[in-house]
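Here's a side-chain tour of one model, written for someone who likes cut-offs spelled out. Have a look at the structure, then read on.

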Amino acid sequence: MADHILQIVYPCLPESPFPAMDPDFDKPSYSSDGAGGEDRISALPDDLLRNIFSRLRVKDAGRAAATSPRWRDIWRSTPCVLEDRHLIRQVDLEDGIDWSTLAAAVSRVLVAHPGPFRWVHLTWNFMGSQEEALAKWLRLFAAKGVENLVLVNRPWPLDVSLPASILRCSALRRLYIGVWHFPDTSRRTVPPRGPDVFPHLQELGICHTIMGERDLEYLLACSPELKILSFNVSYGFPSRLEISSRSLCCMLLWFSMAEELAMVDTPRLQRLIIYTPGTGQTLRIKIGHAPQLTVLGYLETAAHVLEIGNTIITAGVTNVSSNTMVPSVKVLALKVNFGVTSEVKTMLRFLRCFPQVETLHVMMICQAEGGGRDKSDDSDEENGEENHDDNSDDSDEENEEENHDDNDTAAAEASAELSKFWQEVDPIECVEAHVKKVVLFQFSSGANELEFLKLVLERGLMMENAVVVLAGLKDTAKAAATLGKLQSLASTAKLAAERCALEILGRPRGSWTYRRASDLSVSDPFPG
């Protein structure tokens, strides 16, 4: 369980300015060959030396600082960059890390350097046994100034208390905390709520951390410059996420569970990412005031209850008014099981709420549509084997012919009913007037999937590109059947936009990662 948590948390952490750890930890990142030659580095100006020191791992910077008083002064006047992984020796990994020794090494660096700390990344220690060291570190961060802090406790236990002094690190610009029990902000010992607590904080990641609703409210009120907020691997603490922020641009709920996510007042919100694979828990998503929301997904038709304004959008809602539309959304991603009729209807209703979508991503969930072999066939075969005798051969053949005829008739009726359903789908503004690109991910050529693709191709006047990413490529027969159905559809569909191109891919373009999802410079973060 602990390893599983960390496997999800670590890729969500800010990317280190250093390359991946070398196999030989003790080896300096510089060469000492030719040490008896001319010393040209010392002739460099102080500003250039500071630039060099800022790029060294802390162990290498310490070695260099020990060579002369001038270099020691250079190191002390350079904003410190510290990662605890760089303090681990190769022998520690072989014989077992002494967590107290590692904590002491971190403490020595933080005490020796006067600050500020430009980058501190502490993720290697079990802090349940290092509470005294942790409290000391946070006091030093608050006193000397830390700009980028990643602080992750290696579980277990999961409920190690994070000292309230974290709330006194006012120089922070980016903060990621993982596997903690957040300090109780209702206590008198915490700083008063207000913009002076985190006046410069722009990015906040809460990873598998226990906190209350009032603590989230406190953080939002104390971070007037916050642009990116994420909850990663959070399992319902808090269960209700009510977001009001005048500065927030990107909100992510990543591998997390909650009962409700409400964007109450977020006038600058551009991106709302919800990725909750396999949780199966119902999540109510409320979109209140978010006039600049551009990117939204994944909305799940099975598990998510969408509420816009004061209206819950379900398959049974017959009218979509201007009060239940979010026209600012240009990129929309949905998760749909096309084998469930209610989910298909909910998807169609969702699409009507976002009338100006230009790029539509639809991830197909494993479905159970008709068209497979009827279960009664198997039981008939088994009974036939058990009762096999010469007198029953003729009657068995007659029964089989009647069953096949019945099955063919039922399949034809189901196909006609399905076609009628899709032909009678009311106009969808985004599909017919705005969508330029559609990406269908994990496409398996189910009847509803094909009908939806046909609807998009035959109604989409602005369509330029339809991308179909196939599922089940390991099954060559199934892949060939899917390709055949797509080719047949492409040859018979009456394209509304003649310039529209149909692409069939075995894998999506781009990857679906936390860093990509939170990167506001990427206009469309979804794969495809």
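Arg154 lies over the face of Trp124, 5.4 Å from the ring centre. To count as a charge over a ring, NZ of Lys or CZ of Arg has to be within 6 Å of the ring centre and within 35 degrees of the ring normal. Lys335 does it too, with its charged end over the ring of Tyr298 at 5.9 Å from the centre.

Before going further: this is a predicted model, where local features need pLDDT of at least 70 and side-chain atom pairs count only at pLDDT 80 or more, while totals for chains, interfaces and linings use all residues. Residues are numbered from 1 along each chain as its sequence is written, and side-chain values use heavy atoms, with hydrogens and water left out.

Helices here are DSSP runs of H or I with at least four residues, strands are E runs of at least two, and both are numbered from the N terminus. Setting aside neighbours within four places in sequence, Leu6 is in contact with Pro11, Val152, Arg154 and Pro155, where contact means heavy atoms within 4.5 Å. Leu6 has a relative accessibility of 6%, so it counts as buried. The scale runs like this: buried is under 20% relative accessible area, exposed is over 50%, and partly exposed is in between (1.4 Å probe, protein chains only). Leu6 and Val233 sit 227 residues apart in sequence, yet their C-alpha atoms are 9.3 Å apart.

Ser165 is in the loop between strand 3 (146–152) and strand 4. With a relative accessible area of 18%, Ser165 is buried. Beyond residues up to four places away in sequence, Ser165 touches Leu138, Arg139 and Ala142.

Now the rings. The structure holds 16 aromatic pairs. Rings of Phe, Tyr and Trp (its six-membered ring) pair if their centres lie within 6.5 Å; planes under 30 degrees apart are stacked, over 60 edge-to-face, and the rest tilted. Tyr275 and Trp512 have ring centres 5.6 Å apart and planes at 85°, so that pair is edge-to-face. It links distant parts of the chain, with Tyr275 in strand 10 (residues 271–275) and Trp512 in the loop between strand 19 (501–505) and helix 15 (514–517), 237 residues apart. Both Tyr275 and Trp512 are buried. Phe338 and Phe452 make a tilted pair, because their centres are 5.7 Å apart and their planes at 45°. Phe338 is in the loop between strand 15 (331–336) and helix 9 (341–352) and Phe452 is in helix 13 (residues 447–459), so this pair ties together parts 114 residues apart in sequence. Phe338 and Phe452 are buried as well.

On to charges. Side chains of opposite charge can pair when their charged atoms come close. A search of the whole structure finds 17 salt bridges, each being a side-chain nitrogen of Lys or Arg within 4 Å of a carboxyl oxygen of Asp or Glu. Three of them are listed here.

| Salt bridge | N to O distance |
|---|---|
| Arg63 and Asp60 | 3.3 Å |
| Arg193 and Glu217 | 3.4 Å |
| Arg240 and Glu213 | 3.4 Å |

Arg63 and Asp60 both belong to helix 3 (residues 58–65), three residues apart, or about one turn of the helix. Arg63 is partly exposed, with a relative accessible area of 31%, whereas Asp60 counts as buried at 0%.

What about Arg193 and Glu217? Arg193 is in the loop between strand 4 (174–178) and strand 5 (203–207) and Glu217 is in helix 8 (residues 213–221), so the pair ties together parts that are 24 residues apart in sequence. Arg193 is partly exposed at 46% relative accessibility, and Glu217 is partly exposed at 47%.

Arg240 counts as partly exposed at 29%, as does Glu213 at 37%. These two also belong to a network of salt bridges that links Glu213, Arg240, Glu242, Glu260 and Lys286.
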